[in-house]
Amino acid sequence: MNKLIFIIAAFVTIISALLFFSIKTNTKSSHKVNLVEAPSAIGTKEDPWKRLNYEIRQLTDPATGRIPDNIHEKEAEFVKSIPTVESVSQKTNYRTKAQLWTLAGPSNVGGRTRALALDVTNENIIIAGGVSGGMWRSENSGLSWSRASHPSAINSVTCVAQDIRSGKENIWYHGTGELRGNSTRAEGAPYRGDGIFKSTDGAKTWDVLSSTTSGKEAEFNSAFNYVWNIATNPTRPDVDEVYAAVYGGIIHSQDGGNSWQTVLGANLINRPDGTDLNQSGASFYTNVMITPSGTMYATLSVFTALGNNVINKGVFRSTNGINWTNITPAGFARFHQRIVMDYAPGNENIVYFAVDNDDLEIWKYNNSNASWQNLSANAPDFEGELGSFDTQGGYNMVIAVHPENPDIVFVGGTNLYRTTDGFSTSSNNSWIGGYDPEGSSNEYEGHHPDQHALVFYPSNPDKMISANDGGLMITLDNKANEPTWVSLNNGYVTSQFYSIAISKESEGIIGGMQDNGTYLKTAPGINQPWNDIFGGDGGFVATTPEDLFWYASFQESQIYRLTLNKQSSLTSFARVDPEGGSGYLFINPYVLDPNNYHRMYMAGGETVWRNNNLSQIPGGKQNPTSVNWDRLDIEEMNTNVTALDISTSPANILYVGTDNGTVMKIENANAGTGKVSTVFNSGGYVVNITIDPSNAQNVFVINSNYNIPSIFYSQNGGETFADVSGNLEEFSDGTGNGPSIRWSEIIPLSGGNYKYFVGTSSGLYSTNILNGGNTVWLKEANETIGNSVIRMMDYRDLDGKFVVATHGNGVFESIIENTLQIEKPIANSQSLVVTNSFPNPFSNHIDIEFEIPEQGPLSVIVLNASGQNIKTLINYPQFAGSVNVRWDGTNTQGQPVKDGMYFYRIFYNGKVTGGKMIYDRQ
């Protein structure tokens with residue numbers, strides 16, 4: 001037997017050079033790599049409200065099960081009392097100074113945009129607003145943008161309108177509060193607006209109309225919390241008449257917004273104290289439009305927050321705005337939800353209506369003879385999973401008529417479509433935007449899914465801007481068979497991030513965005529583009545040393561291992577989430593182990609998954625994998641895992657947070673199940689756990705719920721936790737109007753000092769000293785980040801680079817001075833050493849464990865007793881330290897081998913070592 005082993009070893013040594021030569025050339029390919037992307041979603045077939053429920057679950061008061069009413073406005077008011085870093089930077093007792101924050105973009109990736117208009121005095125001026133990105137203005141047709149609303153103002157812009165009367169063109173109005181999309185129809189929706197804002201200087205600056213803000217914030221008692229649309233009356237030269245479609249009905253003002261009256265639907269303005277509009281049974285969706293001659297149209301949905309039950313519902317017409325006639329035709333959608341409409345500029349008597357009734361209905365109204373045509377049979381409906389018209393429950397809807405031809409009509413849901421015969425037939429419908437008509441979930445070239453607004457250029461009606469979940473795009477020929485779209489997101493920074501990670505060494509920043517997938521930036525500067533990696537709703541991301549791999553995911557934990565070339569183009573991929581996994585959150589957390597970046601821990605419903613070597617997963621496949629995945633057998637788990645972090649000093653301590661506030665500590669988490677103990681239970685939703693990278697005794701646990709303490713800190717490895725929420729809570733028990741905390745970072749500094757950051761629903765805060773309930777948090781970047789929702793942050797000790805991902809205003813970065821250089825794990829040996837192979841004999845799989853002193857190419861093969869190569873287990877560079885490679889007893893074809901003795905050989909740094917294994921299925 002010894003002689004046989006010697007012969008095998010000699011044979012292997014001869015071929016080792018060839019194996020080493022092929023390690024890199026076989027793993028990265030320069031040919032086009034096709035990765036089928038997922039569409040973005042607001043839910044799933046099983047749970048159509050999954051994204052919204054995911055967001056809401058993080059915020060609800062555990063005592064009541066609901067989000068406190070009007071909390072977004074109340075917390076914005078509360079944080080005004082918190083001092084800024086700038087205001088105290090000269091006070092030595094705070095030992096701090098203001099950081100310099102710069103916008104890192106993405107300048108080329110916009111976020112969900114509902115508000116869009118061209119200035120009637122100059123069509124080169126574009127006014128646009130993001131639903132969580134505020135108001136923006138361009139004076140050069142979108143070549144560049146400037147933010148018009150202050151970062152600390154309410155960012156949830158939903159609509160915009162200009163007063164187009166002569167001499168009044170500098171007056172603009174915009175509404176706030178997205179009722180479907182950012183928030184839900186559930187009680188206590190978290191992203192309410194703050195009324196209607198007005199500008200008198202051409203949309204350069206904005207102030208809220210005092211008549212539209214609620215002075216009674218304890219209840220949802222203001223229809224101005226949700227504004228669907230605004231229209232100004234161009235036919236009243238001496239009266240500043242404004243109409244708004246708000247929650248429940250149509251209101252108007254005859255004094256430029258100083259006072260308002262309800263003219264149609266439920267009268268929900270100026271309600272008495274204690275009114276709860278969640279129980280009003282009023283129309284959920286409303287709309288209003290005024291033609292150039294002053295004819296007014298309005299719609300009220302049957303659908304309400306309580307079901308389908310509204311007395312005043314349907315389509316209405318008026319010539320004076322006071323008296324309205326119900327013109328809803330017979331056969332109209334019985335349980336209609338949202339309705340969008342547009343008149344034909346060339347013949348304003350013609351009005352088209354798109355109606356969400358689960359399926360799309362299209363109706364055409366002729367005002368000259370009060371006639372209706374039901375064109376629903378000819379509504380766009382193309383083959384494939386993504387070809388049918390989909391409003392996602394009224395979330396994305398638009399209809400617009402070409403200014404020169406009333407038969408050319410554009411209608412949008414997830415996709416953008418066009419008819420050239422006014423929907424008189426279905427044969428002249430075209431699919432011209434949104435998803436790719438070729439059948440994949442890739443985007444239509446230059447365009448983006450989920451349509452919200454369209455505007456035409458007066459000088460050339462074939463030139464059109466589209467507003468969608470990807471920001472703004474323009475086409476110069478909207479009548480072309482396949483219109484060419486060009487992005488106008490040239491500094492229109494409204495992208496909505498869920499996640500962020502920075503490269504360990506390079507300028508790379510990777511982030512996952514709502515509705516926009518995952519993007520990567522590789523060069524410094526605001527104007528450097530971010531490159532599209534893949535679609536869906538971008539989830540958690542991660543990076544590895546030397547940018548060897550990038551990890552990205554989309555909704556419900558489809559996780560991919562990616563390699564990219566210098567142009568950020570995909571060169572290889574592998575789907576790495578586990579076969580048999582379930583119970584995932586909409587945006588599901590995972591973490592790479594800094595002790596070995598090929599190891600991953602992942603939340604899996606009521607369990608935690610561990611993979612000890614992701615690089616062993618074969619590439620090119622898009623199915624879940626069983627390679628190397630193990631469930632950690634945690635008996636105490638009876639709730640969903642929501643947060644994870646793994647330690648480095650000492651290594652292999654895993655903290656696990658859940659949605660009922662339980663926090664578990666797992667020691668030696670890299671092997672078996674490890675030692676499990678419950679260390680904390682706050683009763684909240686643990687959204688984030690952060691371990692001090694220099695000392696695992698120090699741990700942050702973050703609750704994101706309202707009305708409970710939010711920030712807890714342990715200095716003794718979880719034996720005790722102290723509430724360090726400090727001045728970020730209104731009251732010491734966590735109740736009141738303090739913001740929701742979403743993320744934390746512990747940054748060790750040289751000399752034993754620290755910098756602590758928390759990202760919240762109302763901006764970024766920091767402190768240098770944790771002092772229990774007396775901790776003083778200071779607001780960072782009030783003039784740049786402002787009150788933006790912060791979902792995640794990341795930093796690296798190499799140079800102190802720190803990045804902050806906002807949900808609506810892109811990414812900001814800064815350099816933290818004097819960061820402590822974290823010592824990386826050091827291998828126990830200066831050469832390749834096999835430490836274990838177990839179980840041996842084996843019937844299911846065997847884990848081969850060894851250590852290498854430094855990162856480098858490595859290959860592991862399996863040989864039979866005759867010296868034949870049975871299978872190459874791994875052929876890819878490995879990180880320094882402990883390495884684990886698994887064999888499941890199969891050959892290259894995936895078939896089980898015969899029982900018996902086998903040999904493994906490890907090739908590393910010109911050396912070979914190995915051992916023997918016994919495969920015994922009996």
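Visitor: Which residue in strand 29 is the bridge partner of Gln451?
Guide: Quick caveat: this is a predicted model, where local features need pLDDT of at least 70 and side-chain atom pairs count only at pLDDT 80 or more, while totals for chains, interfaces and linings use all residues. Residues are numbered from 1 along each chain as its sequence is written, and side-chain values use heavy atoms, with hydrogens and water left out. Strands here are DSSP runs of E with at least two residues, helices are runs of H or I with at least four, and both are numbered from the N terminus. Look along strand 29, and the bridge partner of Gln451 turns out to be Asn468.

Visitor: How many bridges join strand 28 to strand 29?
Guide: Two strands count as paired if DSSP finds at least two bridges between them. Strand 28 and strand 29 (residues 460-468) form a hairpin, with two residues between them. They run antiparallel, and the number of bridges is six.

Visitor: How many residues of strand 28 are buried?
Guide: Buried means under 20% relative accessible area, exposed means over 50%, and partly exposed is in between (1.4 Å probe, protein chains only). Strand 28 covers residues 451-457 and is largely enclosed by the rest of the structure, because its buried residues number seven of seven.

Visitor: How far apart are the C-alpha atoms of Tyr395 and Gln451?
Guide: Tyr395 sits in the loop between strand 23 and strand 24. At 0% relative accessibility, Tyr395 counts as buried. Along the chain, Tyr395 and Gln451 are 56 residues apart, yet their C-alpha atoms are separated by 8.9 Å.

Visitor: Which side chain makes a polar contact of 2.4 Å with the side chain of Tyr395?
Guide: A polar contact is a pair of N or O atoms within 3.5 Å; within protein, one must be able to donate a hydrogen and the other to accept it, and residues adjacent in sequence count only if both atoms are side-chain atoms. The 2.4 Å contact of the Tyr395 side chain is with the side chain of Asp469.

Visitor: Is Gln392 buried or exposed?
Guide: Gln392 also lies in the loop between strand 23 (371-374) and strand 24 (398-401). Its phi is positive, about 50 degrees, although it is not a glycine. Most residues other than glycine have a negative phi. With a relative accessibility of 12%, Gln392 counts as buried.

Visitor: What is omega for the cis peptide bond joining Asn840 and Pro841?
Guide: Pro841 belongs to the loop between strand 59 (833-838) and strand 60 (846-852). Another cis peptide bond joins Gly105 and Pro106, with omega about 5 degrees. For Asn840 and Pro841, omega is about 10 degrees.

Visitor: How many residues does the largest nonpolar core have?
Guide: A nonpolar core is a set of buried Ala, Val, Leu, Ile, Met, Phe, Trp, Tyr and Cys residues joined through side-chain atoms within 4.5 Å. In the largest core, those with the most contacts inside it include Trp101, Ile500 and Phe802. A second, separate core of 40 residues includes Trp228 and Phe284. The largest nonpolar core has a residue count of 71.
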